[in-house]
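Student: I would like to learn how to read salt bridges in a structure. Can we work through a case together?

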Amino acid sequence: MALAVTLMFLLTGLHLTAGAFGPPTWEPNWNLTESTTIQPSGDSFFAPAHTWGLISLDWSVARSIWFENGRNKTNCEAVSTEGCRRLKEAGKTSRCFIYHNMELALEWEETQRAVMYNPQTADYFL
């Protein structure tokens with residue numbers, strides 16, 4: 001599995017750096033609106049009723065939006081990025097990240113699909 005993750009990072013142009021997966025760099029505190037986390041799911045953009053310290057968006061958030069153009073024209077990464085932007089702009093979180101499961105080679109992720117359908121790298125995938 002580590003080889004598949006590393007291969008996907010290399011093929012998509014992402015680079016691993018030493019310490020990239022270390023602990024958070026922000027100061028911990030006991031304010032629940034700054035120290036709680038959620039990973040929601042849903043067909044539309046996530047719009048929480050209260051603030052969260054950290055919101056993690058994965059492929060399942062806003063799937064009806066990023067899938068509306070059909071299987072070969074999905075834009076999950078762009079919609080997820082827009083979701084984080086909206087959450088921060090609305091003051092619903094100060095930290096938002098997008099979780100992508102890299103070892104599965106998901107074609108609905110734009111960067112992964114580009115590698116899968118590139119003739120030079122297509123043979124890496126079944």
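Student: Is arginine 85 buried, exposed or partly exposed?

Tutor: This is a predicted model. Arginine 85 has 40% relative accessibility, so the residue counts as partly exposed.

Student: Which side chain meets arginine 85 in a salt bridge?

Tutor: That of glutamate 82, at 2.6 Å from N to O. Glutamate 82 is partly exposed too, with a relative accessible area of 25%. Both residues sit in helix α4, three residues apart, so about one helical turn separates them. Salt bridges with shared partners join Glu82, Arg85, Arg86 and Glu89 into one network.

Student: How many salt bridges does the structure hold?

Tutor: Five. One of them pairs aspartate 43 with arginine 63, with the closest N and O atoms 3.1 Å apart. Aspartate 43 lies in the loop between β1 and β2, and arginine 63 lies in helix α3, so this pair ties together parts 20 residues apart in sequence. Aspartate 43 is partly exposed at 44%, and arginine 63 is partly exposed at 29%.

Student: What does glutamate 107 pair with?

Tutor: Arginine 71, and their closest N and O atoms are 2.5 Å apart. Glutamate 107 is in the loop between β3 and α5, while arginine 71 is in the loop between α3 and α4, so the pair ties together parts 36 residues apart in sequence.

Note on methods:
Residues numbered from 1 in each chain as written. Predicted model: local features only at pLDDT ≥ 70, side-chain atom pairs only at ≥ 80, totals over all residues. Heavy atoms only, no water. Salt bridge = Lys/Arg side-chain N within 4 Å of Asp/Glu carboxyl O. Helix = DSSP H or I, 4+ residues; strand = E, 2+ residues; numbered from the N terminus. Buried < 20%, exposed > 50% of the residue type's maximum accessible area, 1.4 Å probe, protein only.
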